[in-house]
Amino acid sequence: MSAWKTTIEGLPTLVKYLMVAGVVAFISLLFPNNVKFKYEFDKGQKWRYEDLRAPFDFAILKPEAELKAEQQQIREQFSPVYEYDLSASKARAAAFQQAFDAQLSEISGQEVFPDAVSRPGPYRDYAMGFLSRALDRGIAQISAEHEARPPDFVVSVLKGNTAHPQTIDNLTTLAEAQAMLSDSLPASGLPDSDFLYALMERALQPNVFYNDSLSRSLLQQELSQIGKYRGRISKGDLIVTEGGYITEEIYLKLLSFKEKYREEVTEEQSYSGVLIGYALLSTLIIGIFLLYVRLFATQVFSRFNKLVFILLWLVAFSYLVYGVEQVTLLSTYMIPFCIVPIVIKNFYDEQLALFTHIVVVLLASFLTTLGYEFTFLQLLAGIVVLLADVDTRDWSRFFYSIFFIFLVYALGYTGLSLIQEGNYQDINWRVMSWLAISAFMTLLAYPLIPLLERFFGFTSAITLVELSDMNRPLLRELATKAPGTLQHSLQVANLAEEAARQIGADHLLVKVAALYHDVGKTLQPAYFIENQGGKSPHLEISDKESARIIISHVTEGVKMAKKARLPGVLIDFIRSHHGTTRTEYFYRNYIKEHPEEKVDEAQFRYPGPKPVSKEETILMIADSVEAACKSLKQPTEDSLNELIEKIVAGKIAMGQLESSQLSFEELEICKQVFKQLMRSVHHVRIAYPEEEE
């Protein structure tokens, strides 16, 4: 992954523009090939255009509710098909003959059923006659879905090529056939009638069965014959007047006109013209978005992997909308668009998250058949996500945010429905269920964040919280080998976190960076003053060697961080927390002891780079402030303030802040935070005036 990043980040700007052009072309392939209806209208609203007359003849569509009512009526009146199985009747008769002969042979020579043994003919004739009549009448196996139907429910019984309508109560079931056998056999006049009972009971089996496939086919034929239209509009007829209200009847006429308009105009217009129109609009939207990224999110535009990450959302959701639109049973309302601002805000700022969300929704609005209601609800939900400040690190807060997202969806859709329908009864509650699914699926943002950060090499708040655990290997090693450095790092973390919070910077990032910025000191902890309990080992080595050891805590810290696979953004803090400053004590001491020698300043200077981001700058200053304030013997408020001002002025004079994104106003705020916190740390109290004699 790191090799891939190194390769692509060096690509020229032209390649980035070509990639954006590819995204436009890729999305344009999804756009519909029919023209877009040029009028927007809703039931109960005013017609905002001039008088509309029919440019061609067209039929008026029936309202959906009327079509559903007719379909329901046909379903209720439809007679399901039960079919005679003639082969089953013949098989049962043949099976009875075999069983009769076998049982007769078995009791032959025994003193049981003597009359049946001596004259089997009447017994066989009676049984075959009864079975023939019963099977010819039909023994039905009632389907489970018809058992609860009323007795007068009519079914169609198919025998050969002839269908006979019968009430379901008139069908003979197996239980009824067995009851008839029990009643008729004793009255047969046969002395050994019991000889036949078991044989005939086994022979009585259903031979009329429900034909599900045929029933469905016939029902579908009847449903397909329902007329879709009621009435007709001729060319030149007035459909709606300017400023007139769109009633139910006019609304149906407009819907019918819209459908016919698309058919008529699509036949006349070329697909290429429609495609060019959609391509122009998508180019305009994505072009403005790219301009915003280049001007106001330069860190995204300058890094290829970050630009790919942003553009990926546009392509992914466009294809997701296209896929859902192809499935009749699904609705685009179910797609969790709020994932976009939640995930992007974890890696960047709110402005980029909102702008990306808007672009994703605008592109989706071209691909969905839903109207402006869809666009309105998704934009509103995206704004609420950013206002709610969704925090994926806090599950309870995350769930509350999901609830608020659904609440906005529900209230927004209810309001739009009331505008259109005028009452609660006509609200499409199915859409509300799709919106609930969308809100619930927003939870997918949680597993997506760590997945995307590993793929694109980002660092999320979730990872930073994990890295702040003091049981992490590097921090545990720091606590064991360099406890003084750990205490220093904790103090720097507190200073940097509060300063970043006050100016709106990433306070979690700078806090975690402060914990790791001095991990390189664990290799030779005794050479750093915060870990020294007695004689300093620097007294026994040269100033150059001392400077080399002090400087090495940066380079060695970078190596340790890479080995521990810390995110690159934290490694940047380790590199830059001293910038390109000098180890002043050893540099000045060396000059003092070697006045005639030309000093190679590079041997006493940190390798850098200088801090660039606001967070890196805050850490550099907080590190110097915390270390310097410890050197004061009896710190007072004035001495602390003076020292902090001196440290900041020194950084500026040495050019350490020349590449920083931190403004002078923000720098002043940070200084005030440092002064306040250092007074608290050193327990500085006000000086009480002495009592006058």
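Author: What follows is a close look at two pairs of packed helices. The model is predicted. Two packed helices are described by the angle between their axes and the distance between the axes.

Start with helix H22, residues 483–503, and helix H29, residues 664–681. Their axes lie 9 Å apart, and the packing angle is about 140°. Angles over 145 degrees would count as roughly antiparallel, and H22 and H29 are therefore oblique to each other. The crossing of H22 and H29 is right-handed. On the H22 side, the contact is made by Gln491, Asn494, Leu495, Glu498, Ala499, Gln502 and Ile503. H29 contributes Glu666, Ile669, Cys670, Val673, Phe674, Leu677, Met678 and Val681. Sorted by class, the contact of H22 with H29 holds 10 nonpolar, 3 polar and 2 charged residues.

Now turn to helix H23, residues 507–516, which packs with helix H25, residues 568–576. The angle for H23 and H25 is about 60°, and their axes are 9 Å apart. Roughly perpendicular begins at 65 degrees, and H23 and H25 are therefore oblique to each other. H23 and H25 cross in a right-handed sense. Leu509, Val510, Val512, Ala513 and Tyr516 of H23 meet Val569, Leu570, Phe573 and Ile574 of H25 in this contact. The contact of H23 with H25 has 9 nonpolar residues, with no polar and no charged ones.

How values were computed
Residues are numbered from 1 along each chain as its sequence is written. This is a predicted model: local features need pLDDT of at least 70, side-chain atom pairs count only at pLDDT 80 or more; totals for chains, interfaces and linings use all residues. Side-chain values use heavy atoms; hydrogens and water are left out. Axes are lines fitted to C-alpha atoms, for helices over the stretch in contact, and angles run from 0 to 180 degrees between N-to-C directions. Helices (H or I, at least four residues) and strands (E, at least two) are DSSP runs, numbered from the N terminus. Angles under 35 degrees count as roughly parallel, over 145 as roughly antiparallel, 65 to 115 as roughly perpendicular and the rest as oblique. A crossing is left-handed if the near helix is turned anticlockwise from the far one by less than a right angle, and right-handed if clockwise. Contact means heavy atoms within 4.5 Å. Ala, Val, Leu, Ile, Met, Phe, Trp, Tyr, Cys and Pro count as nonpolar, Asp, Glu, Lys and Arg as charged, and the others, Gly among them, as polar.
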